Every structure is written in structure tokens, then in C-alpha cells.
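Okay, everyone's here, so let me put the structure up and talk you through some local details.

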Amino acid sequence: MQLTYFGANSWLWQWEDQNILVDPWLVGDLVFGNLTWLFRGTRRENPPALPERIDLILLSQGLDDHAHKPTLKTLDKSIPVVASPNAAAVAEELGFTHFTSLPHGESYTWQDKIEILALPGALTGLEKENAFLLTALQAQQRLYYEPHGFPPEEVKQYAPVDVVINPLVNLELPLAGPIINGQKSAIELAQWLQPQAIVGTAAGGEIDYEGVLLSLLKTGGSVEEARSRLQQNNLNTKIIEPQQGQLITLLETSTEVKQ
């Protein structure tokens with residue numbers, strides 16, 4: 001398994017000879033609803049080039065920071081998409097010809113190699129978007145991904161999970177509480193799933209942010225604090241803070257995790 005971080009929520013997962021592009025934001029700015037005054041993310045440098053072949057696009061949410069329309073418009077519309085129902089609607093709108101809407105509790109098997117199970121994720125608006133639990137069927141390895149850090153308790157039944165991709169810190173709005181809940185969820189997932197590694201997401205990358213929303217957001221916790229709390233709870237899970245463009249290789253035959 002090889003993971004490359006593209007910043008924000010964007011990933012390339014290379015696993016079981018498959019190139020899986022996850023929540024990609026690769027071009028242009030990140031803006032919600034064309035409201036640049038509210039929030040705008042700008043890349044300082046372009047993320048690494050994609051491999052020539054992308055086998056699957058995985059979208060956890062229909063929001064702009066997960067189903068980024070300017071990026072999706074640049075991709076080959078024949079690439080299959082597996083997505084939350086809201087994100088699947090975006091894929092359909094943009095002309096993707098092979099897309100699968102995956103509601104909570106349903107699974108999809110890709111190429112007889114990887115099973116993708118949709119679980120409840122973060123509450124956005126009036127409904128919960130998706131977390132995904134991926135299982136490599138031959139190796140029986142598992143990866144859990146939820147980019148906002150709101151794991152459902154039902155994920156406990158799938159322990160152990162080899163790798164968790166989850167935030168490590170909090171982003172909070174006054175009165176609303178955390179919109180990214182890494183402080184609590186990283187420890188919970190380490191306790192529940194006993195992963196070899198938790199790889200941070202959502203808060204990294206070579207990106208500058210501006211707008212009214214940014215002035216209201218408050219950061220809570222740190223990566224070092226997460227590591228300390230794991231030690232205090234006698235948990236052996238390794239914390240990895242990815243850098244944009246960094247290739248993280250997880251050994252197929254060992255519990256060791258390389259950076």
C-alpha cells in the first residue's frame with residue numbers, strides 16, 4: 001500500500017495494483033458556493049502529477065472540498081466513481097458515465113480486489129456524509145477513512161484495521177463546536193481499531209486560506225499532543241503527519257510503517 005497526500009482532503013492510494021484518487025482538489029482554488037469572501041483556499045504549488053492510469057475515484061462527500069468540480073471536470077469521465085449519494089449526484093451532473101452511489105451500510109466490490117463499505121461520517125447540513133472502510137480481499141488488509149473525524153461506533157465491529165486516515169487536530173467554530181474532530185476521534189479510533197498507523201488528513205498541504213470563515217475558525221490540539229495521548233493510553237499506533245507529495249509506504253508483510 002502506498003499513499004500520496006495532495007493536501008487538504010486529497011489523496012492517491014496505490015493498493016492491490018489499483019490507483020485510487022480520493023476527494024481530489026488538484027486545480028484552481030477551493031471555494032464554497034462561489035463565495036470567495038467567505039472562504040478561499042489557494043495552492044502555493046501544484047500537487048504531484050497523477051499517474052497515467054487512474055482506476056477509481058472515491059468521493060466521501062458532496063461538498064466542494066471533497067467533490068471539487070473544477071478538478072473533476074478535468075478528469076476522464078469514463079473513470080468509475082464510487083461516492084456518497086450527494087457526491088454521486090455531482091459526478092452525474094459533470095458527466096461521469098460510471099458512478100456508484102453508496103449509502104450507509106452498503107458495500108461495493110471493485111475489480112474483485114477491494115471491498116468498499118460505506119459507513120456514517122460527518123454531519124454536513126441535515127445529513128451525514130460517508131466514511132469508507134476498504135478491505136483488500138486477498139491480503140485481508142483494511143483501511144478506514146473519514147476526513148472530518150466523526151467515526152460511528154459501529155466501526156468497532158470491523159477491528160482490527162491496519163491503517164486509519166483521520167484528522168489529528170480540531171477545527172472549531174464558535175457555538176457550533178468542532179467541524180473537524182481530530183483530537184477525540186484519533187484516540188477513539190486507536191482504541192477501537194488497533195491500527196498500525198493513523199495518517200493525518202484535512203489540515204495539511206502547501207495551501208493558503210483566507211476569508212471571513214477563516215477568522216472564526218479555532219484550531220485545537222496538535223500532532224505531538226496526539227502522539228502523547230497515545231503513549232499515555234499505552235497504544236502502539238504510530239502517528240504519521242504526511243507532507244504534500246510525500247509517498248508513504250506501508251509494508252505488506254510487516255507491522256512496520258515507513259515514511
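So, Glu127 is found in strand β11, residues 127-136; strands here are DSSP E runs of at least two residues, helices are H or I runs of at least four, and both are numbered from the N terminus. Before I go on, this is a predicted model, where local features need pLDDT of at least 70, side-chain atom pairs count only at pLDDT 80 or more, and totals for chains, interfaces and linings use all residues. Residues are numbered from 1 along each chain as its sequence is written, and side-chain values use heavy atoms, with hydrogens and water left out.

Back to Glu127: its relative accessible area is 42%, so we call it partly exposed. On that scale, buried is under 20% relative accessible area, exposed is over 50%, and partly exposed is in between, with a 1.4 Å probe and protein chains only. What does Glu127 touch, leaving aside its neighbours within four places in sequence? Asn86 and Ala122, where contact means heavy atoms within 4.5 Å. With Asn86 there's a side-chain to side-chain polar contact of 3.0 Å. By polar contact I mean a pair of N or O atoms within 3.5 Å; within protein, one must be able to donate a hydrogen and the other to accept it, and residues adjacent in sequence count only if both atoms are side-chain atoms.

Next, helix α2, residues 85-93, whose buried residues are Ala87, Ala88, Val90 and Ala91. Looking down the α2 axis, these fall within an arc of 155°, so they line one face of the helix; the arc is taken over the directions from the helix axis to the C-beta atoms. After α2 comes Gly95, with a positive phi near 95°.

Now the rings. A search of the whole structure gives four aromatic pairs. Phe32 and Phe39 have ring centres 5.4 Å apart and planes at 55°, so that pair is tilted. The rule is that rings of Phe, Tyr and Trp (its six-membered ring) pair if their centres lie within 6.5 Å; planes under 30 degrees apart are stacked, over 60 edge-to-face, and the rest tilted. Phe39 is buried at 9% relative accessible area. Phe39 also pairs with Tyr209, centres 5.4 Å apart and planes at 35°, so again tilted. Phe39 is in the loop between β4 (30-31) and β5 (40-43), and Tyr209 is in strand β17 (residues 207-210), so the pair ties together parts 170 residues apart in sequence. Phe32, Phe39 and Tyr209 form one aromatic cluster.

Ala159 and Pro160 are joined by a cis peptide bond, omega about -5°, and Pro160 lies in the loop between β12 (141-145) and β13 (163-165). Asp112 isn't a glycine, yet has a positive phi of about 55°; Asp112 is in the loop between β9 (107-110) and β10 (114-124).

Last, confidence. The average pLDDT, the predictor's confidence in each residue from 0 to 100, is 93, and 97% of the residues score at least 70. Over residues 253-259, though, the pLDDT is below 50. Where pLDDT is low, the predicted coordinates should not be read in detail.
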